[in-house]
Amino acid sequence: MEKKLRITIPNEIYKIIESDLEDFGITKNFLCNYIFEKSDGFKQVYNYKYNGSKKIIQFNLNKRNLENYYSFLAEKNIEVEAEYFRNIFLYYAQQSKKSRELFIFKNTAEKIMYAIENRKKIIVTFADEIKKIISPYYMGSSELELKNYIFSYDEDESKFKNFTLRNIKSVYVTEKKTYDKEMEFVNKVIENFDPFLSYNKNVTVRFTDEGLRILKVIKTYRPKLLEQKGNICKFQCSELQGKRYFSCFWNEAEILEPEELRRWFKEKGEKTSNLYK
């Protein structure tokens, strides 16, 4: 017999949960059951204040949670189950995106951390079923704590890469030791970690006055500013980060260096211009 639950929660909390379902590639039933299953260690959320509308989140308790559900309520002296669920959803949503991701993918993250600490190669299966052998060195997050990344050496492609935790389906820890060459570079990247592996890579940009204003406003993916002379700025920035960040500036920014990135923006601009002829 199923146990259906309907919990009223603030709209902003509902939006966070909806966003996580899409970003983490999980179902509402899985998330709600997982939060409940792990909720015994959650702190009580007191005096949460919110304004605006409310939403109803509806789900079914899975078989494992249902088996001891009523014993759990009795042991914890929970008289109003809706209050308990509302509280644990509030606690979950108040954590940073990075922390929520680590919570959901706890088993995967623990295996990766074990491999890092013991210098073991791992076989990773991604959500698209692609498998890779990688040497993991470090797990870190973006400055805004939106994602968790695993800095690794990709054995198949013979290059250093970052992989996102949420895209990893399963991990197998091997007995083989990690790739141990270029360790000076590895340590420098860890010390200066960023999701785009921008260490020792530079991009120089000439901004308009409006471009400089935009630079102060847009923080997501913004590279580290190394030097500014008037409207010309030098950033610690990989080409991938440069493409991601400076594309939104349109004609308010001109890439001066490196030449490959300048050429990429020139070609993209010409193609865009041709669309409007």
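## Predicted model: sheets, cores and selected residues

Five strands form an open sheet in the order β6-β5-β4-β3-β7, with antiparallel pairing. Two strands count as paired if DSSP finds at least two bridges between them. Helices (H or I, at least four residues) and strands (E, at least two) are DSSP runs, numbered from the N terminus. The edge strands, β6 (159–164) and β7 (168–177), each pair on one side only. From one strand to the next the twist averages 45°.

This is a predicted model, in which local features need pLDDT of at least 70 and side-chain atom pairs count only at pLDDT 80 or more, while totals for chains, interfaces and linings use all residues. Residues are numbered from 1 along each chain as its sequence is written, and side-chain values use heavy atoms, with hydrogens and water left out.

**Strand pairs and the packed helix**

Strands of a sheet pair through backbone hydrogen bonds, either parallel or antiparallel.

| Strand pair | Bridges | Facing residues |
|---|---|---|
| β3 (residues 120–126) and β7 | six bridges | Ile123 opposite Tyr172 in β7 |
| β8 (residues 202–207) and β10 (residues 232–236) | five bridges | Val205 opposite Cys233 in β10 |
| β8 and β11 (residues 253–257) | four bridges | Arg206 with bridge partner Glu254 in β11 |

Helix α7 (residues 106–117) packs on the five-stranded sheet, touching β3, β4 (131–141), β5 (148–154) and β7. The direction of α7 makes about 90° with that of β4. Axes are lines fitted to C-alpha atoms, for helices over the stretch in contact, and angles run from 0 to 180 degrees between N-to-C directions. Contact means heavy atoms within 4.5 Å.

**Nonpolar cores**

A nonpolar core is a set of buried Ala, Val, Leu, Ile, Met, Phe, Trp, Tyr and Cys residues joined through side-chain atoms within 4.5 Å. Buried means under 20% relative accessible area, exposed over 50%, and partly exposed in between (1.4 Å probe, protein chains only). The largest core holds 47 residues, of which Phe85, Phe89, Ile104 and Ile112 touch the most other members. Helix α5 (residues 81–93) supplies the largest share of this core, eight residues. Leaving aside residues up to four places away in sequence, Phe89 touches Ile7, Ile9, Ile13, Ile17, Cys32, Ile35, Ile57 and Phe59. A second, separate core has 16 residues, including Leu215, Cys237, Tyr245 and Phe265.

**Two polar residues**

Asn65 is found in helix α3 (residues 63–67). Asn65 counts as buried because its relative accessibility is 7%. Its side chain makes a polar contact of 3.0 Å with the side chain of Asn33. A polar contact is a pair of N or O atoms within 3.5 Å; within protein, one must be able to donate a hydrogen and the other to accept it, and residues adjacent in sequence count only if both atoms are side-chain atoms. Not counting residues up to four places away in sequence, Asn65 touches Asn33, Phe36 and Glu37.

Gln44 lies in the loop between α2 (28–37) and β2 (54–61). With a relative accessible area of 48%, Gln44 is partly exposed. The C-alpha atoms of Gln44 and Val80 are separated by 15 Å, the two residues being 36 residues apart along the chain.

**Whole chain**

The chain has eleven helices and eleven strands. Of its 277 residues, 41% count as buried. The C-alpha trace spans about 65 × 55 × 35 Å along its principal axes.
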